[in-house]
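The model under discussion is shown below.

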Amino acid sequence: MESHIISAESTILEALEHINRLHPLTMTLFVADGDRRIVGSLTDGDIRRGLIAGESLDAPVRNVMFRNFRFIRDLTDVETVKALRDKHINLVPVIGEDGRLKDILDTVNYKSHLPVDAVLMAGGKGERLRPLTLDTPKPLLKIGDGAIIDRNISRLEDFGIRNISVTVNYLKEKLIEHFATPTERGVKVRCVPEEKFFGTIGALRLVGDFENDTILVMNSDLLTDINLEDMYLYFKKHDAMMAAAAIPYTVAIPYGIFDLDGRDIKGVTEKPTYSLYANAGIYMIRREALRYIPENTVFNATDLIETLTADAQKVVRFPLKGLWIDIGTPDEYRKAQDIARHF
């Protein structure tokens, strides 16, 4: 963040040298006064216009800065973030009521900044992938040049999610060692050991405090390009207690199917095709939904769905468009490796 701040009293030449050190797509500075309040923005275009108007390289940048600059108050205003990104605005300062810079919205290096905590389930034994998983937990199997779970964590980081936990059980020491150092983007992934298997969502009880009111839960062994921003906005729009990502699944029956009333045939449907939705293993839940998850008990995501619906809580499906592979068998693993070469 500091790399994009410059004093209003700095010279135009100093500003040019500063801008030249920035990434080509984020060559914007935010100009601060003596009290560190942001009073303008500055690009090479602003400088060029100032020089054409007669300013010298020794003049202060306050002479050429753009004073009517765009800013936002809250980085977690996801709809505003999406609108700015859609307008191809690369950098926007997040400014507090005191006028000081709180953060920077970066739409070049991040797809969004979701106010979400993430929990990846990584405790399974991966028995269908043996012998590959005899000494390596399935989430650490390689896809391309990285582990399966690292691809998913990188995707979480793409959407600005920084509070990430991983529940571990089988060969947990290897996962704990893997996440002993922060990621390249500086995120410290927290490993949460399960003393026994608690199902696909029961281990949430072990995570403890969450920073945000929305919790993303997903299997760690998926290869997917799911748009988590779209899922979050969908979840919020429908004011749901839980959203489950769903993949379209088509069943084609190659026979004529009887329409029956008891033993009586009322008609025949020739070779029908049914469009269904299957569970993708990716969920968003409100933090308050944790009270429906029992402690020290095996509890799956499907159990939570049934418990919530039985209590008249809203559970919605989010149609997942794009890539999704559940890496559970050797064939799926080979397919994921082939796709990863282009993904």
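Which side chain meets that of Asp 213 in a salt bridge? The partner is Arg 287, at 2.7 Å from N to O. A salt bridge here denotes a side-chain nitrogen of Lys or Arg within 4 Å of a carboxyl oxygen of Asp or Glu. The pair joins distant parts of the chain, 74 residues apart: Asp 213 lies in the loop between helix H6 (204–207) and strand E11 (214–219), and Arg 287 in the loop between strand E16 (273–286) and helix H8 (301–310). Helices (H or I, at least four residues) and strands (E, at least two) are DSSP runs, numbered from the N terminus.

The model is predicted, with local features requiring pLDDT of at least 70 and side-chain atom pairs counted only at pLDDT 80 or more, while totals for chains, interfaces and linings use all residues. Residues are numbered from 1 along each chain as its sequence is written, and side-chain values use heavy atoms, with hydrogens and water left out.

**Salt bridges**

The structure holds 16 salt bridges, among them the following.

| Pair | N to O distance |
|---|---|
| Asp 213 and Arg 287 | 2.7 Å |
| Asp 35 and Arg 37 | 3.3 Å |
| Arg 73 and Glu 97 | 3.8 Å |

Glu 97 is exposed, with a relative accessible area of 73%, whereas Arg 73 is partly exposed at 36%. In these terms, buried means under 20% relative accessible area, exposed over 50%, and partly exposed in between (1.4 Å probe, protein chains only). Arg 287 is likewise partly exposed, at 33%.

Asp 35 and Arg 37 belong to a network of salt bridges that includes Asp 33. Asp 35 is partly exposed at 41% relative accessibility, and Arg 37 is partly exposed at 35%.

**The sheet and its helices**

Strands E1, E2 and E3 form an open sheet in the order E1-E2-E3, with mixed pairing. Its edge strands are E1 (5–7) and E3 (38–43), each of which pairs on one side only. Neighbouring strands of this sheet are turned by 35° against each other on average, direction ignored. Strand E2 (residues 28–32) pairs with E3 in the antiparallel sense over 5 bridges; two strands count as paired if DSSP finds at least two bridges between them. Leu 29 has Leu 42 in E3 as its bridge partner.

Helix H1 packs on the sheet, touching E1, E2 and E3, and its direction makes about 170° with that of E1. Contact means heavy atoms within 4.5 Å; axes are lines fitted to C-alpha atoms, for helices over the stretch in contact, and angles run from 0 to 180 degrees between N-to-C directions.

In H2, Gly 45, Asp 46, Ile 47 and Gly 50 are buried, and their cover includes H1 and E3. Just after H2, Gly 54 takes a positive phi of about 110°.

**A nonpolar patch**

Leu 13, Leu 16, Leu 51 and Leu 57 make a nonpolar surface patch of about 280 Å². Patches consist of residues with over 30% relative accessible area and no salt bridge, nonpolar side chains (Val, Leu, Ile, Met, Phe, Trp, Tyr) being joined within 5 Å and like charges within 9 Å. Areas come from the Shrake-Rupley method with a 1.4 Å probe; for residues, only the protein chains shown count as cover. Leu 13 is found in helix H1 (residues 12–20) and is partly exposed, with a relative accessible area of 36%.
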